[in-house]
Amino acid sequence: MLSQRLARARFGQRTFSISRVNNLAKKAAPKPGPNEVTVKFEKPYGLYLLEEGPSMEAITSKEDLLGFYREMSLMRRIEIAADVAYKQKQIRGFLHLYNGQEAVAAGLEAALTPSDHVITAYRCHAHMVSRRCNTTADSILAELFGKQSGCSEGKGGSMHMYNHKTNFHGGNGIVGAQVPLGTGIAFSQKLLNTGNVCMAYYGDGAANQGQIFEAYNMASIWKLPCIFICENNTYAMGTSVERSSATTEFHSRSHFLPGIQFDGMNVLQSREVGRFAVEHAKTKGPIVLEAKTYRYKGHSMSDPGITYRTRDEVDGVRETRDPIDRVARYLLEFGFATDAELKAINDEVKAQVDEAVRKAQTAEVPKPEELFTDVYVSNETPIRGTEQWHNGFAVPSSY
Ligand SMILES: Cc1ncc(C[n+]2csc(CCOP(=O)(O)OP(=O)(O)O)c2C)c(N)n1
Ligand SMILES: [Mg+2]
């Protein structure tokens with residue numbers, strides 16, 4: 001998909017003007033190539049401790065937009081299928097859906113290379129797609145179904161998707177805990193002099209935790225290549241940001257780190273911000289991003305999602321700000337795709353996900369002996385507190 005995005009379509013150069021240009025962006029904007037177009041963003045970024053922000057324009061192309069359209073449709077479709085399977089009790093345990101937030105992961109990831117690092121919380125299915133972890137819909141859905149063929153071999157489930165081979169460090173269930181971990185990953189990149197960055201995602205609720213500020217502080221002192229990303233989806237469980245947070249300007253939460261607040265519902269803007277942040281993290285040190293976004297579904301499957309907000313509010317965001325619809329609009333308005341072509345992509349993605357569900361339903365669950373593997377690096381047993389159940393027999397604990 002990356003190569004698709006990088007490939008250039010053979011289309012004439014045109015400019016799609018949405019509105020005013022940010023007067024803070026002083027650098028001369030790059031010119032689009034012959035098959036590319038320029039999109040200008042409407043609303044200025046919120047900037048903190050920065051004189052100049054990311055570009056207020058994005059250069060894009062047919063291939064680029066189609067790549068994003070397909071990728072975000074896949075993210076959405078996997079979760080629609082997971083929602084259905086959960087309600088049929090085929091998926092058990094916790095399940096937190098990312099529906100509505102797709103443009104954050106897809107756009108920021110497009111600014112990274114596979115050697116960079118990503119860590120996030122429990123809302124992690126879409127990040128598996130965007131990290132291009134060799135993670136297919138098959139292995140994501142198999143994991144949700146608790147099957148051996150899943151990306152964490154059926155033992156992680158929804159909250160613990162993980163792929164160390166592609167530097168995706170999860171999938172973390174403890175709110176905020178991934179932020180100091182991500183800071184540590186950035187520290188390792190600095191020590192090893194790899195030139196790579198770590199993106200550490202967290203929510204608006206997690207943003208109020210003390211450990212986030214400790215991480216900001218260490219990252220600043222050591223000038224770590226760490227990008228802190230607050231996904232402000234307006235709610236932490238059933239509590240709105242206005243009720244939980246003394247200030248809702250999450251990009252300025254660290255008084256000493258620079259920050260950018262941006263429209264997380266626009267994938268092109270996410271990518272521009274990601275590019276700026278990567279450059280900043282590599283040359284100057286840590287930076288805080290705040291993606292203004294929205295989750296359509298409840299906090300998790302046990303939350304219907306409409307007791308603390310109205311249906312009208314959710315429908316209003318879907319109708320006016322949906323990140324996939326926005327890409328569809330660009331494609332249609334530039335004449336890069338027709339309604340029928342977009343429908344065909346949707347049908348293909350749906351068929352791919354339906355097939356993944358069928359495979360997950362019939363796949364094997366992990367073998368009983370796998371219960372003890374992948375807990376420690378060396379797979380040592382017995383494991384404290386569990387060894388007495390080994391092979392169904394009570395084994396005296398040596399601990
Ligand atoms: C340390 C800790 N405290 C509380 C919880 C329960 N909990 C799970 S998610 C959540 C809300 C987090 O909201 P936010 O950070 O905004 O992320 P979002 O769910 O919106 O993505 C809470 C309180 C937890 N998992 N870990
Ligand atoms: Mg939140």
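Colleague: Which helix does Arg 321 lie in?

Modeller: Arg 321 lies in helix H10, which covers residues 311-321. Keep in mind that this is a predicted model.

Colleague: Is Arg 321 buried, exposed or partly exposed, and why?

Modeller: Arg 321 is partly exposed, because 18 other C-beta atoms lie within 10 Å, and a buried residue needs 20 or more.

Colleague: What does Arg 321 touch, leaving out residues up to four places away in sequence?

Modeller: Met 265 and Tyr 294. As for Gly 100, 221 residues apart from Arg 321 along the chain, the two C-alpha atoms are separated by 8.9 Å.

Colleague: Back up a bit. How many helices and strands does the protein have?

Modeller: Twelve helices and eleven strands. The protein has 399 residues, and 46% of them are buried. Of the contacts between residues at least 6 apart in sequence, 73% join residues at least 24 apart.

Colleague: What about helix H3, why is it largely enclosed?

Modeller: Helix H3 spans residues 102-109, and eight of its eight residues are buried, so the rest of the structure largely encloses it. Among them are Glu 102, Gly 107, Leu 108 and Glu 109.

Colleague: And the largest nonpolar core, which residues touch the most other members?

Modeller: Leu 141 and Leu 289, out of 96 residues in that core. Helix H2, residues 62-87, gives the most to this core, with ten residues. Leaving aside neighbours within four places in sequence, the contacts of Leu 289 include Ile 227, Phe 228, His 251, Gly 259 and Ala 277.

Colleague: Now the open sheet of six strands. What is its order?

Modeller: The order is S3-S10-S11-S7-S6-S5, and the pairing is mixed. Strand S3 (46-48) and strand S5 (117-119) are the edge strands, each pairing on one side only. On average, neighbouring strands are turned by 20° against each other, direction ignored.

Colleague: In which sense do S5 and S6 pair?

Modeller: Parallel, over three bridges, with S6 covering residues 198-203. His 117 has Cys 198 in S6 as its bridge partner.

Colleague: Which strands does helix H9 lie across?

Modeller: Helix H9 (residues 267-283) lies across S7 (226-232), S10 (259-263) and S11 (287-292), and runs at about 170° to S11.

Colleague: Last topic, ligand 1. Which residues come nearest?

Modeller: Val 175, Gly 203, Gly 205, Ala 206 and Ala 236, of the 13 residues around ligand 1.

Colleague: How does that shell divide into nonpolar, polar and charged?

Modeller: Six residues of the shell are nonpolar, five are polar and two are charged.

Note on methods
Residues numbered from 1 in each chain as written. Chains lettered and ligands numbered in written order. Predicted model: local features only at pLDDT ≥ 70, side-chain atom pairs only at ≥ 80, totals over all residues. Buried ≥ 20, exposed ≤ 12 C-beta atoms within 10 Å, placed from the backbone. Helix = DSSP H or I, 4+ residues; strand = E, 2+ residues; numbered from the N terminus. Near = placed C-beta within 6 Å. Nonpolar A, V, L, I, M, F, W, Y, C, P; charged D, E, K, R; others polar. Contact = placed C-beta atoms within 7 Å. Core = buried A, V, L, I, M, F, W, Y, C linked by C-beta atoms within 7 Å. Pairing = 2+ DSSP bridges. Axes fitted to C-alpha atoms, helices over the stretch in contact; angles between N-to-C directions.
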